[in-house]
Amino acid sequence: MDYGDLQAAKPGRAGDYLDLEQWAAQTPHAVALAAPGSEPLKYSRLWSHVTATSEAFLRAGIRPGGVAALALPNGPAFVTATLAITLRSACAPLDLGLTRDEYRLYLPRIGASTLIFEEGRNLPVVEVARELGMRLIGIRSSPDVPTGVFCVDNIEGPPEQKPGRQTDAAFLLLTSATTNVPKLVPWSRSNIRAAVAQDSRALEMTSADRFLSLMPLCHASGLYTLLTHLFAGASVYCPSSFEIGSFLEALR
């Protein structure tokens, strides 16, 4: 498949730049994502959840080629939401530590028409998104389902949605603004696939590998490293944050 040609690709498969469908078929019972205190998510369930959630996001108004801003903390739900968005659209992950004024500056720059967030969390970015007339999609997880599995719990937005940016990128990332204002960096599906394939070969990664993910997933390094391991069919242990007291246990 030409992962850069979204028009020619089959609906719902255009964004499978990590070959998740292949891993779901070949190693359905292998652990894809794990986290403290919850049931691991196997590759077969990962793929079915990602495709079903992509359909739910489409029904909620996230159009192919549109941009959805993602305001979730580190953890498996961040990963599965990101994969679901990028099947058809572009994901712009946000740092939850920013101020209201920073969100007022960054959200219009990103060009997202939708914000996805976790229900029950009082986040400044949600208030700013309402001010800007964005569509809001709230998601909610349940303790009795595998980690990373969630449902679309609430959709809020104006009847007439403001037109947002259209792009064929999978991700839109903001730089750290060391020289001035943050710059917007697009990652295409073909870029990501070529890069993760090269690194997985260079590091001789296999599906037997396990990765402890501790870097912020809203930044390029943490996100890219995690995607590389999923491309290799490896297992990712993804706690919500680095906790010094539980670090050795996480390693074990």
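Which residues does Ala24 touch, not counting residues up to four places away in sequence? They are Tyr43, Ser44 and Trp47, where contact means heavy atoms within 4.5 Å. Ala24 belongs to helix α1. With a relative accessible area of 13%, Ala24 is buried; the term buried stands for under 20% relative accessible area, exposed for over 50%, and partly exposed for what lies in between, with a 1.4 Å probe and protein chains only. From Ala24 to Ser48 there are 24 residues in sequence, and their C-alpha atoms are 8.6 Å apart in space.

The structure is a predicted model, in which local features need pLDDT of at least 70 and side-chain atom pairs count only at pLDDT 80 or more, while totals for chains, interfaces and linings use all residues. Residues are numbered from 1 along each chain as its sequence is written, and side-chain values use heavy atoms, with hydrogens and water left out.

The overall form of the chain comes next. The protein chain contains eight helices and eleven strands; these are DSSP runs numbered from the N terminus, with helices (H or I) of at least four residues and strands (E) of at least two. The C-alpha trace spans about 50 × 45 × 40 Å along its principal axes. For 252 residues, a compact globule would have a radius of gyration near 18 Å, and the 17 Å of the protein chain agrees with this. That radius is taken over C-alpha atoms, and the globule rule is 2.2 Å times the number of residues to the power 0.38. Of the contacts with a separation of 6 or more, 64% are between residues 24 or more positions apart.

Of the 252 residues, 50% are buried. The chain exposes about 11,900 Å², and carbon and sulfur atoms supply 52% of that area; accessible areas come from the Shrake-Rupley method with a 1.4 Å probe, and for residues only the protein chains shown count as cover. There are 22 positive and 24 negative side chains, and the centres of the two sets lie 3 Å apart. In this count Lys and Arg are positive and Asp and Glu negative, with His and the chain ends not counted; each charge is placed at NZ of Lys, CZ of Arg, CG of Asp or CD of Glu.

What lies in the interior? In soluble globular proteins, nonpolar side chains tend to be buried together. Here the largest nonpolar core has 49 residues, and Leu18, Leu46, Leu83, Ile116, Phe171 and Leu230 have the most contacts inside it. A nonpolar core is a set of buried Ala, Val, Leu, Ile, Met, Phe, Trp, Tyr and Cys residues joined through side-chain atoms within 4.5 Å. Helix α3, residues 76-85, gives the largest share of this core, with seven residues. Ten of the ten residues of α3 are buried, among them Phe78, Val79 and Leu83. Leu46 is in contact with Leu20, Ala32, Leu33, Leu41, Thr80 and Leu83, leaving aside neighbours within four places in sequence. A second, separate core of 23 residues includes Ala71, Ala90, Leu107 and Met134.

Ser89 counts as buried because its relative accessibility is 1%. Apart from neighbours within four places in sequence, Ser89 is in contact with residues including Ile62, Arg63, Ala169 and Arg189.

Arg104 touches Val128 and Glu131, not counting residues up to four places away in sequence. Ala220 is in helix α7 (residues 220-231) and, at 36% relative accessibility, counts as partly exposed. Its contacts, leaving aside neighbours within four places in sequence, are Leu173 and Trp187. The C-alpha atoms of Ala220 and Leu46 are separated by 22 Å, the two residues being 174 residues apart along the chain.

Finally, the backbone deserves attention at two residues. Asp19 is not a glycine, yet has a positive phi of about 60°. Asp19 is found in the segment before α1 (20-26) and counts as buried at 13% relative accessibility. Glu204, also not a glycine, has a positive phi of about 55°. The loop between α6 (189-202) and β10 (210-212) contains Glu204, which counts as exposed at 67% relative accessibility.
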